[in-house]
Amino acid sequence: MPKNSKVVKRELDDEVIESVKDLLSNEDSVDDAFKKSELIVDVQEEKDLEVEEGSEAEDERPAWNSKLQYILAQVGFSVGLGNVWRFPYLCQKNGGGAYLLPYLILLLVIGIPLFFLELSVGQRIRRGSIGVWNYISPKLGGIGFASCVVCYFVALYYNVIIGWTLFYFSQSFQQPLPWDQCPLVKNASHTLIEPECEKSSATTYYWYREALNISSSISESGGLNWKMTVCLLAAWVMVCLAMIKGIQSSGKIMYFSSLFPYVVLICFLTRALLLNGSTDGIRHMFTPKLEIMLEPKVWREAATQVFFALGLGFGGVIAFSSYNKRDNNCHFDAVLVSFINFFTSVLATLVVFAVLGFKANVVNEKCIAQNSEMIIKFLKMGNISQDIIPHHINLSSITAEDYHLVYDIIQKVKEEEFWVLHLNSCQIKDELNKAVQGTGLAFIAFTEAMTHFPASPFWSVMFFLMLINLGLGSMFGTIEGIITPIVDTFKVRKEILTVICCLLAFSIGLIFVQRSGNYFVTMFDDYSATLPLLIVVILENIAVSFVYGIDKFIEDLKDMLGFAPSRYYYYMWKYISPLMLLSLLIASIVNMGLSPPGYNAWIEDKASEEFLNYPTWGMIVCISLMVLAILPVPVVFIVRRCNLIDDSSGNLASVTYKRGRVLKEPVNLEGDDASLIHGKISSEMSSPNFGKNIYRKQSGSPTLDTAPNGRYGIGYLMADMPDMPDMPESDL
């Protein structure tokens, strides 16, 4: 065949063998005709196997409709329920406004570099988490499988929380709200307030008794709660329908699910600022306690929050970025999404404490009214002298300032007898110091505050609809972190896999909708994700920095982005981030060892929570969750290290270039598709080791110093073939 021919003749019977130089020099000029040909691999089962080649995969792999859709997907995944009910609690607990400083420092040291790393590898290799780590090093392929397992564990209980939110959302279309007042019970003679509710509060009673109908311990299952079972089914149906077509279906939903929470947060903040006492909450929130900031626990909790806020290690970040074009500026995306996440947390904190400040003011007014009545009673009984009360103070309609003045006077006069009077100081800061987080914030404290809002049903609907959207955005990323790598690796249909995944998750999730289900949610939240995810991200960092090679990775980024990333990332990835992550892992293990493994059980008779230790079988489940989550890493390493699965035949030994349909070539023969290609001849040609280097310059082949097909090295790379343009085709 002439070397400079522009058209390949279409004769069906002729086999055409071209030299490496011809393939490289004529790739662009014969592109149209070239796409009509086929790479035939002589397989043991005598089947023609098509494997994706880099440039074809770029066209065939689903892609985001727009950059905005992709950013919203990443924001929706990273901004979740933790931003609303975890970050404000940590901010209040760990020094108020002073907590923002360690959080920002750790965001720059751990958050953004590792987020950028995951975005980069996903976009560069265009695979899910399993394929990405197989590509970098087959021995570390277990990282991707461990990531999928952790994702599934988290999805199991995370969707239960969305189910709870759906229940409250469905109950919000009532005036008054059903958790506004304690229910009444009738006996033979008269009507009484429900004792359990009277001992606690209306919102607390509604959460534990009406919504969860909770048992007194994890050992008492109590059977299924049918209301929550229906809500859990509805939650999984929503997730399944949104994810069944992949990013084609979930991407469009992101426009609403990612943006709507910001609309609600801004509306809540505007409304709350118009309420009495909201500024007290915000002032309390951001008053810095600098002495607390120096405690190691503050930095550990800030690092953990940064880690989970960005969704590191879940695989969702890698999955979403794998649908990007290779020349997308993922560095800009990493910085943008990280700071959007941070400012969302600050906005949510403003909203939460503005509302809690209003609630504290309402509670404080009731406290002052009750204690003023007690003082009036003591005055009538003679326990307190009328002379000590200032004449300008009217105890029947007393202000907060006047009450505190009277309280201080009585305390000084009575001294040792003061405690007998059982008077309360009624300070707003005492109410605000009652730190609440998680379900306690969303379903008890916040719902109680909304009962005092004008038009409370409207605000309740908006609040729980916001939580549903926040939860769904995170669930989409979590499920994508499971579906994408499995589809990429095992080539199954996405629709079927999504349905099976959701059905199985719903079936397993029934343990969370028993009467004791809330305790299992706590167990999974504490033990199934924290340590395994830390180990996964440490291994990710090590795989890129030391196994693949940080210098090589920086060169890949330069080729992909068109500019060299800051040297800052080199030092972060190679030195600082691994050390910080190892320190965080050790601190988390120590903290877990020092904290007794247990849960807060709701005791019906006492109408209060009580800490209980897990039974023996519960401890076994906790340990099993951690072991199962990280088990794929050593298993895959041993399998690869000991060659227990033979993939030595996965090479290009028996490849011939023949007329046919489409030429496709494996992107990674050691990785996802290694087991799919089994040639009969194993020694004719060395297999290109793509797992070691994406592209490299070969001796005697000066034309291979850049990507041979102009698409970052994924193309026709005959790694060990010398350049012999005059070599007979038959010899080749």
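Both Cys 367 and Cys 426 are buried (under 20% relative accessible area, with exposed over 50% and partly exposed in between, for a 1.4 Å probe and protein chains only). This is a predicted model, in which local features need pLDDT of at least 70, side-chain atom pairs count only at pLDDT 80 or more, and totals for chains, interfaces and linings use all residues. Residues are numbered from 1 along each chain as its sequence is written, and side-chain values use heavy atoms, leaving out hydrogens and water.

**Disulfides**

- The structure holds 2 disulfides (pairs of cysteine sulfur atoms within 2.5 Å).
- Helices (H or I, at least four residues) and strands (E, at least two) are DSSP runs, numbered from the N terminus.
- The torsion about the S-S bond of Cys 367 and Cys 426 is about -75°, so this disulfide is left-handed.
- A disulfide also joins Cys 182 to Cys 197, with S to S 1.9 Å.
- The link of Cys 182 and Cys 197 is left-handed, with -80° about the S-S bond.
- Cys 182 is partly exposed at a relative accessible area of 23%, whereas Cys 197 is buried at 1%.

**Helix α26**

- Of the 32 residues of α26, 23 are buried, so the helix is largely enclosed by the rest of the structure.
- Just after α26, Gly 562 has a positive phi of about 90°.
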